[in-house]
Amino acid sequence: MTRVLVLNGPNLGRLGSREPDVYGSLDLDALQARLEGEAPEQVEIDLRQTDDESELVGWLHGAVDASTPVILNPAAFTHYSYALRDAAALVTKAGLPLVEVHISNPHARETFRHTSVISGVATGVIAGFGFDSYSLALTQVIRSLG
Ligand code: DQA
């Protein structure tokens, strides 16, 4: 069994009711069900959400220790968290895929969202496709697993 971590940052626990015009009307349970339906049988989806930067950093350390590939929606931390960037760099420097995803297209939004401090250390970035961003990331992670 291969585990794929799907990590979600602050305010993404509010998906479903949070700005549905931007993020859609589905919640994280729906995302989990969707990804589980799409993953091959031998791939386990471990989807988590936190509003806490240090918890997210700890989960990335755990990914390194357990050699787990990561799909990461850093949410607002995308734009300013150097601690998260350094933790994400540990994952990719360990040779593990880390795909940065966004539901919306941050580049089509406010200027402060145009900067990602994570992208420079991510394996790749997928943004703007709603929950499809996660599905595309999962396809890519599975491909990289061989
Ligand atoms: C987001 C985009 C971020 O700018 C924002 O802070 C989020 C969600 C997205 O998935 O589109 O919380 O990461």
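User: Which residues of H2 are buried?

Analyst: This is a predicted model; local features need pLDDT of at least 70, side-chain atom pairs count only at pLDDT 80 or more, and totals for chains, interfaces and linings use all residues. Residues are numbered from 1 along each chain as its sequence is written, and side-chain values use heavy atoms, with hydrogens and water left out. Helices (H or I, at least four residues) and strands (E, at least two) are DSSP runs, numbered from the N terminus. Buried means under 20% relative accessible area, exposed over 50%, partly exposed in between (1.4 Å probe, protein chains only); in H2 the buried residues are Leu28, Leu31 and Leu35.

User: Why do the buried residues of H2 line one face of the helix?

Analyst: An α-helix has 3.6 residues a turn, so residues three or four places apart point the same way. The arc is that of the directions from the helix axis to the C-beta atoms. Down the axis of H2, the buried residues line one face because they fall within an arc of 50 degrees.

User: What do the buried residues of H2 pack against, and which residues are exposed on the other side?

Analyst: Contact means heavy atoms within 4.5 Å. The buried residues of H2 pack against E1, E2 and helix H5 (132–145). On the other side of H2, the exposed residues are Asp29 and Gly37.

User: Is Ala33 buried, partly exposed or exposed?

Analyst: Ala33 sits in helix H2 (residues 28–38). Its relative accessibility is 48%. Ala33 therefore counts as partly exposed.

User: Which residue has a side-chain oxygen reaching the backbone nitrogen of Asp29 at the start of H2?

Analyst: A polar contact is a pair of N or O atoms within 3.5 Å; within protein, one must be able to donate a hydrogen and the other to accept it, and residues adjacent in sequence count only if both atoms are side-chain atoms. The oxygen comes to within 3.2 Å of that nitrogen. It belongs to Asp27.

User: What is the reach of H3 from its first C-alpha to its last?

Analyst: H3 covers residues 53–66, 14 residues in all. The expected span of a helix is 1.5 Å times one less than its number of residues. For H3 the expected value is 20 Å, and the actual reach is close to it, at 20 Å.

User: Which residues of H3 are buried, and what do they pack against?

Analyst: Leu56, Val57, Trp59, Leu60 and Ala63 are buried in H3. They line one face of the helix, because they fall within an arc of 160 degrees seen down its axis. The face turned away carries the exposed residues Ser54 and Asp65. The buried residues pack against strand E1 (2–8), strand E2 (43–49), strand E3 (70–73), helix H4 (82–93) and strand E4 (98–102).

User: Which residue caps the N-terminal end of H3, and which one follows H3 with a positive phi?

Analyst: The cap is Asp52, with a side-chain oxygen 2.9 Å from the backbone nitrogen of Ser54. After H3 comes a residue with phi near 55 degrees. That residue is Ser67.

User: Which residues of H4 are buried?

Analyst: H3, E3 and E4 are among the elements that cover them. The buried residues of H4 are Leu84, Ala87, Ala88, Ala89 and Val91.

User: Which side chain makes a polar contact with that of Ser81?

Analyst: Ser81 lies in the loop between E3 and H4. Ser81 is buried, with a relative accessible area of 1%. Leaving aside neighbours within four places in sequence, Ser81 contacts Glu53, Val117 and Ile118. The polar contact is 2.4 Å, and the partner is Glu53.

User: How much of the ligand's accessible area does the protein cover?

Analyst: Polar side-chain atoms of Asn73 and Arg113 lie 2.8 Å and 2.9 Å from oxygen atoms of the ligand. An N or O atom in the side chain of His102 is 2.8 Å from a ligand oxygen. Accessible areas come from the Shrake-Rupley method with a 1.4 Å probe; for residues, only the protein chains shown count as cover. Of the 320 Å² that the ligand has on its own, the protein covers 99%.

User: Which side chain makes a polar contact with that of Arg109?

Analyst: Arg109 is in the loop between E4 and strand E5 (124–127). Arg109 is buried, at 19% relative accessible area, and is one of the residues around the ligand (a heavy atom within 4 Å). The polar contact is 2.9 Å, and its partner is Tyr23.
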